[in-house]
Amino acid sequence: MTGFGADLMARLDAFAGFTEEPGLLTRLFLTPQHRAAADWLMELMGKAGMSARLDPAGTVVGRYEGSVPGAPALLIGSHIDTVRNAGRYDGNLGVLAAVAAVAELDRRGERLPFAIEVLGFGDEEGVRFPVTLTGSRAVAGRFDRVALETRDRDGVRMADALRAFGGDPEAIAEAARKPGEALAFLEVHIEQGPVLEAEGLPVGVVTAINGATRFAVRLRGMAGHAGTVPMALRRDALAAAAEMTLAAERVAAASDAGLVATVGRIEAKPGAVNVIPGEVVFTLDVRAPEDAVRRDACAAILGDFEAIATRRGVELAVETTHDAAAAPCSPGIRRQIEAAVIRAGVRPLSLPSGAGHDAMAFAGVLPMGMLFVRCAGGISHNPAESITAEDADLSVQILLDIIRHFEHETPTP
């Protein structure tokens, strides 16, 4: 193992010290702890040979000039905000691995035909305010200023929090890269799933970030006495919901296109041990790397729901609460990542991302791609989140190789 892994793991441990809750890692967007982490990161970038600054949306930007100052930049980054009681590798690994790669270039005096910009975004998690991807959307030129009026649970407006943080709500448009200023976007990220571990592989090549559709489903049957209503005469809303849950599972399990479907929350009313549930509300989350697959699955699942509701005599109401298109990774970037993985002596495995990432903000704006890193048990958003120093080391080696062999193949994704 080279020195990248040990140093990177030590820095990730130190970075986890910027937290709102002692003994836990909680670093929400635009908090004092987020600012302290940003200051630490900017200092680290400076030591790695970069000029560092904070952009108007609160993103930490470190720039390593190419052989010609002012050249277009290869953007590499991830997020430095966390969920509550987080693991220390989600997002942070991608930022600090990029810093480590640039530090190695600087140590060797290597300058490339392009610049490198390392980006430490905020608000990927969407925990503090009811929006997500604020930093990456701003850089991609896709920020919606309506988000500035959203408030956290304490009533603080995002615009006010951003100003207190050191950002500039009025200048967010200036964070966007102009045509010709950026070549592509790369993100290194833990997989947050179990596939790489199951395959015995340290890294994987992401094909796409899944599109997602979410529904709120409400069923109304008839509440009744648990002891006196015969089974054949019941209109049990919870039994109908259980059958619908299995129907969604069946549709997803029958697909070989990366489709997943989840009923993540369910509530039965009136919620008494001796009363047949008369009303149920539950959520349905459907994801796939291809939008057509997801749309067809949603139609099939909702068709099954209607048939089940009719047969069981319950009323069905469905509301779409979220609908986001898939973000396919650019074929040219995928090829370059795969080539670097092969050069590292690793069997290349292509897989979709079921979770959202900053990279999706750049889909259709810049060529983009992602390198996944194995995490133990697929566990994430949890203090038990874990990677090995060997895998951390390999992620930096592969990222360096991608940078050194990078070719701007096409001007569009």
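I took axes as lines fitted to C-alpha atoms, for helices over the stretch in contact, with angles from 0 to 180 degrees between N-to-C directions. Helices (H or I, at least four residues) and strands (E, at least two) are DSSP runs, numbered from the N terminus.

The model is predicted: local features need pLDDT of at least 70, side-chain atom pairs count only at pLDDT 80 or more, and totals for chains, interfaces and linings use all residues. Residues are numbered from 1 along each chain as its sequence is written, and side-chain values use heavy atoms, with hydrogens and water left out.

I noted the crossing of α9 and α10 as right-handed. A crossing is right-handed if the near helix is turned clockwise from the far one by less than a right angle, and left-handed if anticlockwise. On the α9 side I listed Q336, I337, A340, V341 and R343, and on the α10 side I398, D401 and I402; contact means heavy atoms within 4.5 Å. The residues of this contact of α9 with α10 divide into five nonpolar, one polar and two charged. In this scheme Ala, Val, Leu, Ile, Met, Phe, Trp, Tyr, Cys and Pro are nonpolar, Asp, Glu, Lys and Arg are charged, and the others, Gly among them, are polar.

I then checked D391, which is found in helix α10. D391 counts as buried at 5% relative accessibility; buried means under 20% relative accessible area, exposed over 50%, and partly exposed in between (1.4 Å probe, protein chains only). Leaving out residues up to four places away in sequence, D391 touches P202, V373 and R374.

**Helices α1 and α3**

I turned to helix α1 (residues 3-15) and helix α3 (residues 92-108), with axes that come within 10 Å and cross at roughly 135 degrees. The two are therefore oblique to each other, and α1 passes α3 in a right-handed crossing. From α1, I found F4, L8, R11, L12 and F15 meeting N92, L93, L96, A97, A100 and E104 of α3. Eight residues of the contact of α1 with α3 are nonpolar, one is polar and two are charged.

G94 also has its place in helix α3. At 1% relative accessibility G94 counts as buried. Setting aside neighbours within four places in sequence, I found G94 in contact with S78 and V188.

**Helices α7 and α8**

For helix α7 (residues 237-253) and helix α8 (residues 291-312), I have axes that come within 9 Å and cross at roughly 155 degrees. That makes α7 roughly antiparallel to α8. The crossing of α7 and α8 is right-handed. The contact takes in A239, A240, E243, M244, A247, A248, R250 and V251 of α7, and A297, A300, I301, D304, F305, I308, A309, R311 and R312 of α8. By class, the contact of α7 with α8 has 12 nonpolar, no polar and five charged residues.

**E279**

E279 lies in strand β12 (residues 279-288) and, at 19% relative accessibility, counts as buried. I found a polar contact of 2.4 Å between the side chains of E279 and R218. For that term I used a pair of N or O atoms within 3.5 Å; within protein, one must be able to donate a hydrogen and the other to accept it, and residues adjacent in sequence count only if both atoms are side-chain atoms. Not counting residues up to four places away in sequence, E279 touches R218, L219, R220, A237, E267, A268 and K269.

**Backbone geometry**

Most residues other than glycine have a negative phi, and most peptide bonds are trans. I noted a cis peptide bond joining K269 and P270, with omega about 10 degrees. P270 lies in the loop between β10 (266-269) and β11 (275-276).

L133 has a positive phi, near 60 degrees. I placed L133 in the loop between β4 (115-121) and α4, buried with a relative accessible area of 5%.

H381 has a positive phi near 55 degrees. H381 lies in the loop between β16 (368-373) and α10 and is partly exposed, with a relative accessible area of 41%.

Definitions and conventions
Angles under 35 degrees count as roughly parallel, over 145 as roughly antiparallel, 65 to 115 as roughly perpendicular and the rest as oblique.
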